Amino acid sequence: MRTNVVIIGAGPAGLMLGRLLELAGVDAIILERKSPDYVLGRIRAGVLEQGTVDLMDRAEASTRLHAEGLIHHGIELSFDGDRHRLDFTKLIGRHVMIYGQTEVTRDLMNVRKAPTIYEAEDVELHNFDGHSPHVTYKKGGITHRIDCDYIAGCDGFHGVSRQSVPEKALTTFERIYPFGWLGILVDQPPVADELIYAHNARGFALCSQRSHTRSRYYVQVPADENVENWSDTRFWDELRLRLNPETAKALKTGPSIEKSIAPLRSFVAEPLRFGRLFLAGDAAHIVPPTGAKGLNLAMSDVATLADALIEATIEKSQAGVDAYSAKVLQRIWKAERFSWWMTSLLHTFPETGAFGRRIQRAEFDYLCSSHAAQQSLAENYTGLPS
Ligand code: FAD
Ligand code: DHB
């Protein structure tokens with residue numbers, strides 16, 4: 001087989017890249033390790049920046065998103081029960097959209113016409129530092145080979161693409177946080193119209209949502225916590241303790257339809273191009289989920305990568321591929337900074353003690369009183385320009 005681009009991974013980054021290339025007439029084959037149902041079963045992000053919505057429009061995959069997505073004009077911050085609403089529309093004239101990553105993935109799967117090969121095992125990348133790269137994989141016990149011009153590594157943090165790069169060619173930057181997020185999905189109306197990010201001495205909590213009838217809640221737990229230790233009742237009791245009493249009273253609970261723990265990590269690999277291999281999305285970087293940047297950042301990477309690969313394939317110009325790594329890293333580091341800052345403000349860090357909590361309180365009070373600080377948060381949360 002031969003194609004222009006082999007894309008490794010059919011998460012949101014791989015599927016979006018595949019769709020943008022397809023629409024521009026650039027051939028691409030996607031190789032995905034898991035089954036479509038497995039990919040759709042992963043409950044992850046829920047907040048889309050306008051740039052991501054615009055990209056779904058460009059991908060001609062946004063009909064359901066515009067019909068079912070919820071426009072949110074702001075968020076609530078809460079610190080030890082004291083509440084403050086940030087109105088993004090008033091502050092900077094922008095908003096975000098609530099629409100689950102699962103639905104983004106499903107919509108991109110549905111519009112795709114070119115092949116995605118699911119359950120592709122033992123994917124290996126070859127000769128990407130030369131002129132004629134190829135990728136091999138196993139399916140049904142048979143080894144297949146695809147020759148290509150470029151390889152896009154969109155296979156997430158644990159994927160094979162970044163691991164295929166010689167260690168000395170890669171610099172990585174990492175911070176692992178001593179906690180994770182325990183998340184629960186429930187078919188109950190959300191506790192509030194907008195998201196609530198809550199700091200509490202017991203730890204962070206987030207009230208999020210997927211629709212008017214489906215809610216997503218998170219509580220900060222130690223990094224080594226086991227999900228089996230958390231009955232639904234324990235989760236709801238803990239969540240109530242971390243919220244403002246009025247909010248806690250309004251909470252509508254029910255049996256969880258999904259429950260999982262996500263570790264928190266900041267990570268960046270540099271550079272993001274190795275000859276004819278490019279890394280994008282979680283394969284290139286991880287942000288802690290506070291601030292909802294992970295999915296949005298993956299989407300902005302592949303928007304830039306798609307333009308570069310289209311330019312290289314159709315116009316035979318290398319300018320875009322040459323500029324890719326430096327261009328996306330600028331935006332990646334800004335999102336890393338914001339996600340690290342939101343995480344630092346809202347979580348409890350046992351090692352920083354009473355001084356650390358006073359600083360967090362001062363930061364919250366400053367935010368509540370400073371228009372400039374609120375604008376800065378709003379600008380970052382709704383998405384910086386690419
Ligand atoms: P992924 O979604 O990870 O997709 C990569 C794909 O590559 C997967 O389908 C995988 O199966 C496939 N793959 C991996 N290895 C191979 C291989 N060797 N061969 C072939 N295919 C392979 N972000 C937020 O903004 N808010 C959240 O609440 C949030 N929660 C999260 C919870 C968890 C548990 C995780 C892991 C991430 C979460 N994120 C969240 C981050 C967000 O979901 C990611 O940033 C987003 O999924 C990135 O998309 P991606 O396509 O780059 O990677
Ligand atoms: C969700 C996740 C986030 O990380 C966030 O900041 C907001 C919402 C969510 O899963 O709904």
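The following legends describe close-up views of a predicted model.

View 1. The structure contains zero disulfides. The sulfur of Cys 148 lies 13 Å from the closest cysteine sulfur, that of Cys 154, which is too far for a bond. A disulfide requires two cysteine sulfur atoms within 2.5 Å. Both side chains can be located in the view by their burial: Cys 148 is buried, with a relative accessible area of 1%, and Cys 154 is buried as well, at 6%.

**View 2. The second largest pocket and its lining.** Rolling a probe the size of a water molecule over the atoms shows where empty space is left. The second largest pocket has a volume of about 390 Å³. Its lining comprises 26 residues, of which Ser 300, Ala 303, Arg 331, Pro 385 and Ser 386 are the closest to the centre. At least two lining residues come from each of helix H3 (50–58), helix H10 (294–314), helix H11 (319–346) and helix H13 (371–382). Helix H10 gives the most, with eight residues. Sorted by class, the lining has nine nonpolar, nine polar and eight charged residues.

View 3. Side chains of opposite charge can pair when their charged atoms come close. The structure holds 28 salt bridges. One of them joins Glu 68 to Arg 64, with the closest N and O atoms 3.3 Å apart. The two residues are four positions apart in helix H4 (residues 63–68), and are therefore separated by about one helical turn. Glu 68 is partly exposed, with a relative accessible area of 43%, and Arg 64 is also partly exposed, at 26%. A network of salt bridges links Arg 64 and Glu 68 with Glu 103, Arg 106 and Asp 107.

**View 4. A salt bridge between a buried and an exposed residue.** Asp 87 forms a salt bridge with Lys 90, and the closest N and O atoms are 3.9 Å apart. Asp 87 counts as buried, at 16% relative accessibility, whereas Lys 90 is exposed, with a relative accessible area of 72%.

**View 5. A salt bridge between two strands.** The side chains of Arg 216 and Glu 258 meet in a salt bridge, with an N to O distance of 2.9 Å. Arg 216 belongs to strand S15 (residues 215–222) and Glu 258 to strand S16 (residues 256–270), so the pair ties together parts that are 42 residues apart in sequence. Arg 216 counts as buried, at 2% relative accessibility, and Glu 258 likewise counts as buried, at 18%.

Terms used. Residues numbered from 1 in each chain as written. Chains lettered and ligands numbered in written order. Predicted model: local features only at pLDDT ≥ 70, side-chain atom pairs only at ≥ 80, totals over all residues. Heavy atoms only, no water. Buried < 20%, exposed > 50% of the residue type's maximum accessible area, 1.4 Å probe, protein only. 1 Å grid on protein atoms, 1.4 Å probe; cavity = no way out; pocket = protein on both sides within 12 Å on 5 of 7 lines; lining within 4 Å. Points joined across faces, edges and corners; volume = space filled by probe spheres on them. Nonpolar A, V, L, I, M, F, W, Y, C, P; charged D, E, K, R; others polar. Salt bridge = Lys/Arg side-chain N within 4 Å of Asp/Glu carboxyl O.
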